[in-house]
Amino acid sequence: MRSRYWWLPHLVDFEVTSESTPQYNCFAWALGEDSRWIDPDGYWPENIPSDGTVDSFIELFRAAGYEPCGDGSLEAGHEKIAIYAMDNSPTHAARQLENGQWTSKLGRYEDIVHSTPEELHGEFDYSYGQAAVFMIRPRTSD
């Protein structure tokens, strides 16, 4: 049987944590929001370049207190996000939970909890590509 998430060939160990909704996307979810779609074609802060590059999304998350870091390993007292990209175009973002697992909003589909950022890696034009940037900030809550 083909998985509903066929474009994510490495996603095998996950739990669905919400119902499908077009109300918000992965970038909003990574920022802890569930009431708007955040991207340069939807809601986008005026003071951040909206060119749709990885750098513009780094600035989006930097405005929320995140700073670039080396990897997605768990660090006590901190939360991390991963920005996925293909050819310098952001495709997805995931947020690390306090227990070290990751949470993602899969487009207009559900939110899921998955074990690693690598589970969302893909090689196809319609996939999320690779986790290109990790960012960190002091943890506030989950």
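Me: How many aromatic pairs does a search of the whole structure find?
Reply: In this predicted model, searching the whole structure turns up eleven aromatic pairs. One of the pairs is formed by Tyr5 and Trp7, whose ring centres are 5.7 Å apart and whose planes stand at 85 degrees, so the pair is edge-to-face.

Me: And Trp6 with Trp7, what's the geometry there?
Reply: The ring centres of Trp6 and Trp7 lie 6.0 Å apart with the planes at 85 degrees, and because planes over 60 degrees apart count as edge-to-face, this pair is classed as edge-to-face.

Me: Is Trp7 buried or exposed?
Reply: Trp7 is buried, its relative accessible area being 10%, and Tyr5 is buried as well, with a value of 4%.

Me: What about Trp6, how exposed is that one?
Reply: Trp6 is partly exposed, with a relative accessible area of 41%.

Me: Which residues form one aromatic cluster?
Reply: Tyr5, Trp6 and Trp7 belong to one aromatic cluster together with Phe14 and Tyr109.

Me: Switching to charges, which ring face does Arg36 lie over?
Reply: Arg36 is placed over the face of Tyr43, at a distance of 3.8 Å from the ring centre.

Me: And where does Lys105 lie?
Reply: Lys105 lies over the face of Tyr24, and its distance from the ring centre is 5.0 Å.

Note on methods: Residues numbered from 1 in each chain as written. Predicted model: local features only at pLDDT ≥ 70, side-chain atom pairs only at ≥ 80, totals over all residues. Heavy atoms only, no water. Phe/Tyr/Trp six-rings, centres within 6.5 Å; stacked < 30°, edge-to-face > 60°. Buried < 20%, exposed > 50% of the residue type's maximum accessible area, 1.4 Å probe, protein only. Lys NZ or Arg CZ within 6 Å of the ring centre and 35° of its normal.
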